[in-house]
Amino acid sequence: MSLLVARGLTLEARVEGEIVPVFRGLNFALESGRALGLVGESGAGKSMVGRTIAQLLPPGFAVTHGTMEFDGHDLVAMPPSRRRALLGRDIAFIPQAPQAALNPRRTIGAQLDEHHARLGVRGRRDLREYALAALHSVHLPDPQGLRGRYPHELSAGMCQRVLIAMAFAGRPRLVVADEPTTALDATTQAHIIALIRALQRAQGTAVLFITHDLRLAAGLCDDVAVMYAGDIVETGPAAAVLAAARHPYTRCLQLANPRMTGPRRALYPLPEQMPGLRALARLDGCRFAPRCPIVAEYCLRTDPPLEGTSHRAACIRPGLVPAITVAAEVAPPPWRPAGEAPVLALDGVSKHFVTGGFFRPDRVDAVREVSLRIAPGEFVAVVGVSGSGKSTLGRLVAGLEQPSAGRIVLAGQDVTAGGEAARLHRVTAVQMVFQDPQSALNPRRRVASIITQALEAQSAPGSVREKRARELLAELGLPLELGVRRPGQLSGGERQRVNIARALCAVPRLLVADEITSGLDVSVQAQLLTLLHRLRQDHDFALLFISHDLAAVRHLCDRVLVMHQGAIVEEGPTETVFGWPRHDHTRALLAALPAGA
Amino acid sequence: MADLSRRALLGVLVAVPHSAPSAVQGYPKARDAVTIGWPGDVAGWDPNRRFVPDAQPIYKMLYDQPLDQDPRLNLVPGLAKAWQLAPDARSLEVELRDDVTFHDGTKLTSADFRWTFHERIAAGHEVDTARSWRKVVDIETPSATRAIMRFGSPAPTAPAWLAFLGSFVVPKHYMQKVGLAAFGAHPVGTGPYRLAEHQPGTRIVLERNDAYWGPKPTMRRVTVQIINNPSARAAAIESGNVDLTVAMPVRETARLGHIATLEAELNPITRIILLQVRDDAGFADRNIRLAAHHAIDKQALSQAFYGNAAVPLSVPVIPGSPGFLDDFTFPHDPDMARELLSRSGYSPAQPARIRMATTRGQFPADYDIARAIVGMWKTVGIEAALEVLDYARYFELNRAGRLPEATLYSFDNAIGDPEAYAGYLLAPHQPYSPWKDTALGEKVRGLFDVPGEAERIAGWRALNREAVEIGACMPLLRSVQTLVRRKDLAYRRFGNGWVLPQTMDWI
Amino acid sequence: MTVLRWLRSGRVLAGLLAVALVLALAVLAPAIAPHDPEAQDLTMTLQPAHLGSAYPLGTDALGRCVLSRLLFGARLALSVAIPGALGAMLLGAALAYAAGYLGGRTDRLIGRAVDAVTLFPPLILILILVFALGAGPTNLVLAIVLVDWTRFCRVLRHEVRVVVQRDHVAAARLLGFSHIRTLAIEVVPATLPLLVTLLALEMGIAVVVEAIVSFLGLGVQPDQAAWGQMIADGRTALHQAPANLLAPAAAILVTVAGFNLLGDGLGRKLAARLVEDRA
Amino acid sequence: MARLAPCGRRLLAIAQRLLAIAQRLLTVLLLLFIVLRVLPADPAAPAAEIGATRQQTSLDEALPMQFAIWLGWLVQGDLGHSSHLDRPVAGLLAEALPATVELAILASSVAVLLGVAGGLVLFALQWGGWQGTGGRGTGRRGETRAALAETGTMLLMSIPAFLWALLFILVFGVLLAAMPFTGRLDPGLSHPFITGFLLLDTLLVGDPRAFLSAARHMVLPAVALGIGFAPLVMRVLRASLIEAYQADYILQARLRGLSEEQVLLRHALGHAALPTLGLLRAQCGLLLGAAVLVEVIFAYPGMGRLLVDAMRNTDLSVIQGVVLAYCAVVLSANVLIDGLHLLLNPRPRAR
C-alpha cells in the first residue's frame, strides 16, 4: 500500500474576493521508502502540496474536494489533534529557508530539546545526549559547542543540517523537503542533497522532494512529477522523464536550461509565463496550451488526463514532443578588430569597509588588488560564492563605491578619484543592471518614463523621450502598451527587461549586470539570456556579468573570472576555466553542480 | 482666661446633632485623627520667614505665639502669661510661662523670645518679621521668664502683633545648632503638634505633642492634604477623602451643604479682598487708576461669586472695625471711568495696557473675580493681561519690584486694627505694598508712631479715604470664608477664619 | 488617483469629516458664535445647557457663552496645531532628508541632535520652552516646532534611508541625475504618504498639547477662550453646568480622533511601523 | 577562535556605550542651559529669581563660563536650592523622583497588561483563532474586524491621559466613591521613607495597611495614565503577532507538531516582545509627559507637580533639577530597555 496518496485533491483560494482553484483533482502516490520529486516553476502549486499534507494553509485556502491519505488515513478529514500528533513524528518537513526556519531568539540546543521533548525524551541528560547524537548524525562539527549557539551564528548550510537532524530525529515515515537547497550556495547544495539521500536510505524514509530543478530532482528521486499551473502534467521514473520527456512543458523546461557540457546550444525561450491563479480559473482546456509550441485547436477545449502506464503525461500529442528543438549553437559574437583599447581597466583595485565604532573598528576587505581588462564588446563573467566580493567589484566599476586603492580607467578616462567630471563621464561609459528589479524600478514611475530616464537627466524634450521609449520597448521585445504601466503591474521577467532597457538607453560602452538572472524561473531566465545574446548582435557594448550560476555564465560569456575572498583566483576563456579548472575553489564550484547538467 | 473652657465654647459655637455613620466614607476612620483639605502649602517651615495668612493655622499647630486670640479676636495669653505696654508705647514687657518646652525637650526661655524678635532679625536672617518688628531696638531679658521689648519709636500695636502674622517663637539653641536649612527640614516649635511628615505640595502630617503645655488636643494626628484645585477639594470632601476643607466656590459650598453628612458654612471674616496697585508703570497715571476702580462693579462680583454674602467695600477695612468710614462710598461708575480714561487719551479702541495678577484657589472664586474684573475693565478701555501667582510669589516679586500694576489680594487682619490694614497695605517699606510713592508713604509711616489712640484712629480713617481717592488702594469685598466639614466634626470658629485642628473634635 | 483611493477608506473619510467640521467651525466662529466669547454677564453665571435658549451650551462662571467660547477655542486650537505641526514637519523633514540622503557625518550629527532632544519628555520640553519664551499662542507654536520636529525626523530619516538604499536611487545617479534631482524625484515622492500621515497625527498631538498647556494655565492668556482652560474651569462648575466641562472635552476628542483617523487611514500600511515609532 | 576575544569586546562595547551616554547627557545639559538661561525673553526675570546668592555670582560671567560653573556644581551633586520652598532641590527630588518613577512603572505595567490581553484578543478576532487551518472566509471577515479594531483602538488613543484622569475622578472617586484620588496614602497612615518607592517601603517596614492604602491610591492615577498607552501596545502586539505568524520558524514549529499554545508562548510572543519593548522605549518620554498632568490632577507628589508648581513660582533651580531628573529617567529607561533588548535578542542589532 502506498504511504501517501492524493486522490482528486482540489485546493481553492480566495483571491481578491474570487474563489479560484490552486490545484484541481490532483492525483499522486508515494510508496514507503521511495523518493518522489515534485518539479515545477514558481506558481505551479507545488509548495501547497506540502502544506496540504500538514493542513497548515494560508488564510483563505481550503481543500474542497478529494483526499490526501497518509497510511490509509485521510489527512484532510482527520481531526487537527490527530494530525498534529503525526507531525514531527511520522511526517517531518525540511524547509526552504533554513535560517528563517529556526527561531532566532533561541539556541540550537533549546530548539532541539523542544523537539526531542515532544518526541518523548525526558530528563536533561537524555535531552543533551539526543541533541548531540542528532547533530552528529548530520555531520556537524563540535555538537557540544553548537548547542549553545544561535541560528544567526551558523551558516545557512549548518542551519539546514540542524533542521534535517530534527526532521529525521523521530524516524519519520515521510519527509517533505520543500526546496531545501535553493537558499544555499552551490557548494553546500550538493552536500545537503547527499545528506538527505543518505538519511533516507538509512532510515527507509519516503521523501517528497519539492523543487524547481528537474535535474536535481532526477538526481535524488526515484520518480518525478512535473507540475504546471496546479496540475501534474507528467510523471514517471526519474531517468525516463529526464531522458525522454513526453509533455511539451517538460521538454521546453529542459531546453530552457543552459548546459555545462557539450556545445553552447541556444535556449528555448518559452514565451510569456505561467498564468496566475485568477487567469487560471478562466482557462479552459489544457493549461499549457497558450504557451505550447505544439498546440492544437483541440487542446484549447479539453483538459487532457494523464495517460500511460508508469511514465505518464497529460498531452494528446506526446509524439510531437521530441520535435521541439533549438539551435545547436548560439550565434557567435560579432567580429571585432584586435588591439582595441580596453573599455575598462582595473589596476590593483582594493576596497575595504570599516564597520563598528570608535573603539573596535572592524575592517572588511571586500575586494583585494583586483586587476582586469575588458575589451569593447566583450562579455566577461565574474563568478564566486556569496561574499566573494563580486558584487562590490561591480559597484566599484559602476561608481557606486569608491576604491580604497588602485586605479580605474573607464573608456580611456581615469575615474578613480570620482568627482563631478568622472560621474558625467560614467553616464555614457558604464551603466548597471541591478539584481532586484523590484528595488531598481521606482514604483511610482511609468515604464516609458523609467526606460528613458537617461534622457530625462539630459533634459530631453518629451517627444524625443517618447520615440526612444518606443524603440527600446520594441528592442527588448516588450509590447508598446507596457509603456504606460507601472512596475508593480509587470511580471518578473518584464521588470528585468525594463531594468535592462533603462541601462541601454544611455548607450553605455559597458554594462554591469549583477545577478540579474538569480531568482528567476528557468523559462524567464532563458528569455533573458537569449535577449542579451540578441542585443549583443545589434549593439556595441561590453558586459560584466556577475553571477553564481555557472551554467548561465557558460551560456553567455566569453571569459570568466573566479573570485574568492575578494581576490581573482582564476581567469580565462569560459570553456577553458570550466573544462580544466586549476584553482581548488573553481573545482569546488564545478563539483557542486548537480549531476547530468 | 488662659484656661478658657474649650468644651463649653464648642457647645455654643457648634451645635451639631449626632449623625449616622457617614455613607460617603469608604473606609474606617480613627476617632482621634482628622484630615483637612487645604488650598496651599507652607513656604518653608521657618514661621518668621514669610507672611502667608493661609499658612498661619498650620504654623499655629507647630508653634506658639506670645499672645493669642480668642474666637472673638480678643487678645488672650499665649506663651506670655501677662503683658504690659508702656504708656508711651516705647516698651512692652512680657511675662513668659515657665512650663513650656520645645519639641526637642528643651525649655522655652526669654532667650528664645529675644532670639525670635530681635537677635535673628539683627543677624540679618531673611525673615518677614524683620518688617513687623523693625522698631525693636533691643529686648532685655532680666530673667528666664521676663522680657522687655524696647522700641525705637512708639509701637502701639505691638501687643496685637505678638498674636499676629509670623510672631511665633522659635528655639534659639536648636536653630543655631542645626542651621537654617536643617531647621527648614526638621522644624522644632512649642506647639500642640509636631511635624511628622511633609511632602511639598501634597501633604503635611502632624502628630500630637503630648508634652504640650496647654490644653491637649483631641486629635492625635492631623493630616493636611494640599489640594490647590477648588473642585478637587470639593470632590475630596464629597468622597470622604478629607474631613474639612475651605475656600471653595460659593455655589459648590451650597451644593455640598445639601449632602446629609456634610455641613457647609459661609463665614464673613476679618479679611478683605482688594486690588493692590503700583504707583508706576501702567498705573503711573492717576486717571487710569481711578478709572480702573470706578469700572469695577463690586455688587455684581458679590452676587455672582458670593451669593451676595460678601459686603462691597469702599475703604480697606471691614465694616464695624475702628477704621471704617460710614459716610464714604466709592461708586461703580463706568461712564466716569471712560471719562477719566479719555482724559488721558485712552478708549476701548485704544486701551491702556496693564498687567494684573491673581491667586488661583487661595480664596473662593479668586480667579473668577480677577477675570471678571479684566472683563469689566475691557469695556471701559483698560486691557489687562492676567497672570497667576501665589502669595509667596507675591512677596518675592514685590521684593524685586516686579509685581504687575494690579494684584488681586486677600488681606488678613486677624487683629482688626486699621494699622494692620492700611498700615501694611500701603507702607512702601512693607512686603505687602507695591505702592512705593513716598508722599503717601510718609503719612503712613507717621501714623505708626502716634501713641494716642483716638488721634491714631482718626489718622488712619483719613488715610484710608485719601488712599482710595488717589487710587492707591482699591478695596473690593469683605471676604467670606467658605468651609465644608463633616457634620460630626466640630471645630472652633474664629472671627478671623482660623481653622485650628487643635480645636477639633468628633461628636 | 491616490487621493481617490484614500477617500474610499471609511476611516479617512470619517477623519476628514471630523477635521473639516472643526476647521469650518473655527473659521466661521466669528460669524456663527451667538455671543462675544469674552463678554461676561455676571447675572447669568453657570446657566445649564439648554438648546433653545440664548446660551445653547449654557454659561460659565463669569456668565460667558460656552458655545461661543467652544467655537473660538477651536480657532485657538487649530491656530496652534496647524502651524505647529507644519513647522515641525518642515524642520523635521528637511533634516530627515539631509540625514537620510547624505548619510555619514551629517546623519550622525542630526541623529545626535534628535537623540538629545528625545531624552527630554516632549511635553516637559514644551512646557519649559513656553516658560522660557513666555506665554502666548506664537510661543506655543514655536515650542511645538522646536520639540516635535524630532518625531518627523526620526521616523522619516529611517524611511529615507530605506528608500535611498533602493537601487532605483543609485540608478538615477548613474544616469546622471544631480543629488537635488535624485532626492526630489526618486526619494521624496516615496516618503510623501508617510509625511502626510505624520502630519495628521502631529496635528492631533498639537491639539492635545495646546489643551494641556492651557489646562495648566501656562500657555495662553488666562481669559482666552481655550479648550484646556475651559476644562479647568468646568471642573469647578461640574454640578451646576456639566456642559462647561463636557463640551470642551468632547471637542478635543472629536478633533484629535479626526486627525488620528485621518493619519491612521492614510498611513494604514505604515501603521505598524508608525506606532512602533522607532528608527 | 580565541576565547578571550568576546570578553574584551564586551568591555569595549560597554565603554563605548558609557561614552555615548555621557555625550548625550552633556548635550542635554547644554540644551537645558540654553532653554532656561539663554532663551528667556526677559533675561532679568529668572536671573533675579535665582535666589541663593551663591548662584548669582555666576551670572556676571560670560555664558560659556556660566555653563562651566553650573556643570561644576552638578558634578559635585549640587542641584541648587529652591527659592520658593526654601529647601535643597536634591532633597525635593529624592522624594519626587521615586514617586514619579513608581507611577510610570505601574502605568506601563497597566499599559502592557491591558495591551497584551487586548492585542491577543484582537489578533484572535481577526484570525478566528490561530489554528492556521485557513478556512475560507477568514480573509474578508478578518479584514473587517481588523479595520474595526484599528479604528476602535485609534479612538481610544485619542483620549488624552488628563481626560481619563478627570473621568476616573468623576466616576470612581465621586459618583461611586470607590477609590481615593488625592495623594498617596490614607490620612491616618504614615509615609515611610527608605527607598522612596512607597509600595516597596510600606512592605519593607511591614505595614500591610499602609501598603494596601498606597496601592489603592495608585490605582486611579496608574490606570488613567496607562490606559491611554494600552491601545498602542495592543496595536503593536497585534501587528507583530501577525508578522510573527508569517515567519518561517512559526510554520516550521507547527510542522513539527507543536500545539498552538506552545507556538504562541514559546515562539510567537517572543517575536512580539521586541517591538513591544521598542514601543515602551519610544513612549517612555510621552508617558512621563502625560504623567505631569495626572500628578497635578491627582495631587500626586511627583516631579510633574513639582515642575508645574516651580514654573508657576519661577523657581528656576527646581525647574532645572526636575527637568534634568526627567532626562535621567528617560536615559536610564533607554539604557535598561536596550539592555533587555540585547538580552532578548541575541542577534546584534543591524545599524
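Me: How far apart are the closest C-alpha atoms of chain A and chain B, which no contact joins?

Reply: Two residues are in contact if their C-beta atoms, placed from the backbone, lie within 7 Å. No contact joins chain A and chain B, and their closest C-alpha atoms lie 46 Å apart. This is a predicted model, in which local features need pLDDT of at least 70 and side-chain atom pairs count only at pLDDT 80 or more, while totals for chains, interfaces and linings use all residues. Residues are numbered from 1 along each chain as its sequence is written, and chains are lettered from A and ligands numbered from 1 in the order in which they are written.

Me: Which chains have the most contacts?

Reply: Five pairs of chains touch, and the most contacts are between chains C and D.

Me: Which domains does the assignment give for chain A?

Reply: Domain bounds come from an automatic or database domain assignment. For chain A it gives domain 1 (2–90 + 172–323), domain 2 (100–169) and domain 3 (344–442 + 489–591).

Me: How many residues does each side give to the contact between domain 1 and domain 2 of chain A?

Reply: Domain 1 of chain A gives 14 residues and domain 2 of chain A gives 11 residues. Helices (H or I, at least four residues) and strands (E, at least two) are DSSP runs, numbered from the N terminus. On the domain 1 side, helix α7 (residues 186–203) of chain A gives the most, with seven residues.

Me: In what order do the seven strands of the open sheet in chain A lie?

Reply: Two strands pair if DSSP finds at least two bridges between them. The order in chain A is β6-β7-β8-β3-β9-β10-β11, with mixed pairing.
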